[in-house]
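Here's a quick briefing to read with the model open. Have a look at the structure first, then work through the points below.

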There are 2 protein chains.
Amino acid sequence: MKPYKELTREELLELQSSLQAAYEEEKGKGLKLDMSRGKPGKEQLDLSMPMMNVLNGESDMNTEDGTDVRNYGILDGIPEAKKLFADMVGAKPSQVMVLGNSSLNIMYDCIARAELFGIMGNTPWSRLDKVKFLCPVPGYDRHFGVTQQFGIEMINIPMNEDGPDMDMVESYVNNDPAVKGIWCVPVFSNPGGVVYSDETVRRFANLKPAAPDFRIFWDNAYGIHYLYDLRNDEEAGILNILEECEKAGNPDMVYQFCSTSKITFPGAGVAALSSSEENIADIKSKMKWQTIGPDKVNQLRHVRYFKDINGMKEHMKLHAAVIRPKFELVLNTLEKELGGLEIASWSKPLGGYFISFNATNGCAKAIVARCKEAGLVLTGAGAAFPYGIDPDDSNIRIAPTLPSKEELAVATNLFVTCVKLVTVEKLLSEK
Amino acid sequence: MKPYKELTREELLELQSSLQAAYEEEKGKGLKLDMSRGKPGKEQLDLSMPMMNVLNGESDMNTEDGTDVRNYGILDGIPEAKKLFADMVGAKPSQVMVLGNSSLNIMYDCIARAELFGIMGNTPWSRLDKVKFLCPVPGYDRHFGVTQQFGIEMINIPMNEDGPDMDMVESYVNNDPAVKGIWCVPVFSNPGGVVYSDETVRRFANLKPAAPDFRIFWDNAYGIHYLYDLRNDEEAGILNILEECEKAGNPDMVYQFCSTSKITFPGAGVAALSSSEENIADIKSKMKWQTIGPDKVNQLRHVRYFKDINGMKEHMKLHAAVIRPKFELVLNTLEKELGGLEIASWSKPLGGYFISFNATNGCAKAIVARCKEAGLVLTGAGAAFPYGIDPDDSNIRIAPTLPSKEELAVATNLFVTCVKLVTVEKLLSEK
């Protein structure tokens, strides 16, 4: 294919006309599809249905240490769940709190507690003139939503292929005491699919924060969410942030989050927090007023189903088998239809839930609007940036998991048509 | 029995000696029993085990409106759960949010949001010099723990037989704009077992708060937790606070809470918030940053099990059959051993989870300490009061549900021995 920028005005006009016709045809198909969120598809949800049989009316409802999970008690989760979640992220069980159904809620609560009560005796953030968070972009819109809700100033940090721009991170964190946190999705980042390199993790661990209550919000949401059977040495590719921070003399600098939302059921899974024992003690001293404890029955259900981390990893292979073809369908279509046109680039992730698509600058909003007009709802353009503002109006998050393969094929064709059409129109407007 | 105050010093000394001997004997039995919390006993937990069979690997996992409960979405609960919880408290489904596993957590979050973001556009409480809550006493220690954690000043309000002293409530609420809330357990109050009279509810509904963001925290924790088969007109004895507030032109003045913690499983039940549609909208506008939604699978499990409010009420009769004998055992022993001695009084509740015991002033701490020394842990004396301070050192909360009847008999005998012994010692010290 010839790059669009080499086309003459006449060629572009002709192309526009045929693309417009193709678009009208797609639109006529009456598509009605919501791909705005990273939701598992029905086939994936079905994979975990055997878990519903694990506990029944005859089940032993005691933990391994004899606690009845049906009654009140245990603020931080049952022992066997601590072990399982510790193994998910490479923590020690004593560093883990296994909590409710939402890691987002745990993150929100960590910030709410810092605002209201302060971290480890430091001034509550709500009493400070200014609190800032670093936000690697593109990133997870709900992270940015939380910080925005609390009136925290968000600073964009560009993402590279091996993680956030660490020169910028170090410069902000080590010099500005108003910088209290950074949002990170270290494995298969949302939406870019980036896995942080060893050097990136080590530079994080060796930060010298100006603020004593600076915390890395390490959202390990996709830690075992591989699309391909990777070799063990590849899986271990991400360094253990808790260990690295300890080595670097910064044991308390990280809050790590994970959940089974995209392993079993979104909303009916189990989420966990892992951090230094000192951070855990600090959090528990405040959390004990908030609740008597999490849903231990659902924790037991999960542990009895998976047995251990190996059972969980085997289960993830079943997910991969369902969603890998969906990712490949999108990636193949993008390559076939847009390859060589020099109007877009996109990520080729090895795991996680998204493909990050970069259109020609100034085109993302228009592309998303065209798709919507034809019945395809994508994540709003700009959503992956603080305040919903993509300075380049370029990034679009593609979430291929929810639709069936058939729907996805139709949607992807529509998408590439819209990308081409909007880009041609932009080029024409500049000629 | 002769009242203790009529005994001579010699008679008291003799009594002390025989009570001390009885106490030593009880102590020798090596009792080890924790009655400090209002926890259901194992037999009660077993009552809900059939619920574990309701959803299995073959179940239809869709709500009545076709939403898959296994996936993300629905911030405020599934429609059929809204209906069920609305019927529990006499609300409209549109006034209900069905949330997670803990009503305490919902209350905490309501206060945290008020502190951080303000209620309906009012100044966030964290920016005010002073915030006060009214606390009917004796009351629920965890309520007071939440307000204390937020640095809210707590004001004791005496409880009468028909609810809190409403003259005092009106005087504070209608005149002091720093008074932002009041804790209420309107049915079978914790620990007194008081049911608010119609007049009390109406006077609540007709408050004219000095603060526009004053809210009644109406913790309807024991709304259907009867110990006896009451007639329908008795059950309906509590007026509907949402309706009364609406009639009185104060539709937004109440947050109502309830849960199935003591209906199915504590910690693995479902909790709900009900309030005016305007309050619900205000809460949702902030909560949408905190979480994607509650555990809808567990909500569906509960609704499918109970079917409707009648199913739930039938289930409560099974609980009553288990715990009524426990309450009666304690009450009969108290009457038999302490009746006529004029050294104590106690509640005779028709529902709820507690017996509220009032010892001779100045004796509660010593009684609880003696019990503990002999292996019986009771709720700490003073726990039912703000800051843990019972000004009379008189109130002790008895929670009869957790122990077996056999254990409870031993524990109650020990308790009355301690009550008598400590009171005799007090009387002797004053002679």
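**Ground rules**
- This is a predicted model, where local features need pLDDT of at least 70 and side-chain atom pairs count only at pLDDT 80 or more, while totals for chains, interfaces and linings use all residues.
- Residues are numbered from 1 along each chain as written, chains are lettered from A and ligands numbered from 1 in written order, and side-chain values use heavy atoms, without hydrogens or water.

**Around A:Thr291**
- A:Thr291 sits in the loop between α10 (277–287) and α11 (296–306) of chain A (helices are DSSP runs of H or I, at least four residues, and strands runs of E, at least two, numbered from the N terminus).
- A:Thr291 counts as buried because its relative accessibility is 8% (buried is under 20% relative accessible area, exposed over 50%, partly exposed in between, with a 1.4 Å probe and protein chains only).
- Beyond neighbours within four places in sequence, A:Thr291 is in contact with A:Leu75, B:Ser102, B:Leu104 and B:Asn105.

**Helix α6 of chain B**
- B:Met166, B:Val169 and B:Val173 are buried in α6 (residues 166–175).
- The buried residues of α6(B) fall within an arc of 55 degrees seen down the axis, so they line one face (the arc is taken from directions from the helix axis to the C-beta atoms).
- On the other side of α6(B), B:Asp167 and B:Asn175 are exposed.
- Cover for the buried residues of α6(B) includes β4 (153–160) and α7 (198–205) of chain B.

How values were computed
Contact means heavy atoms within 4.5 Å.
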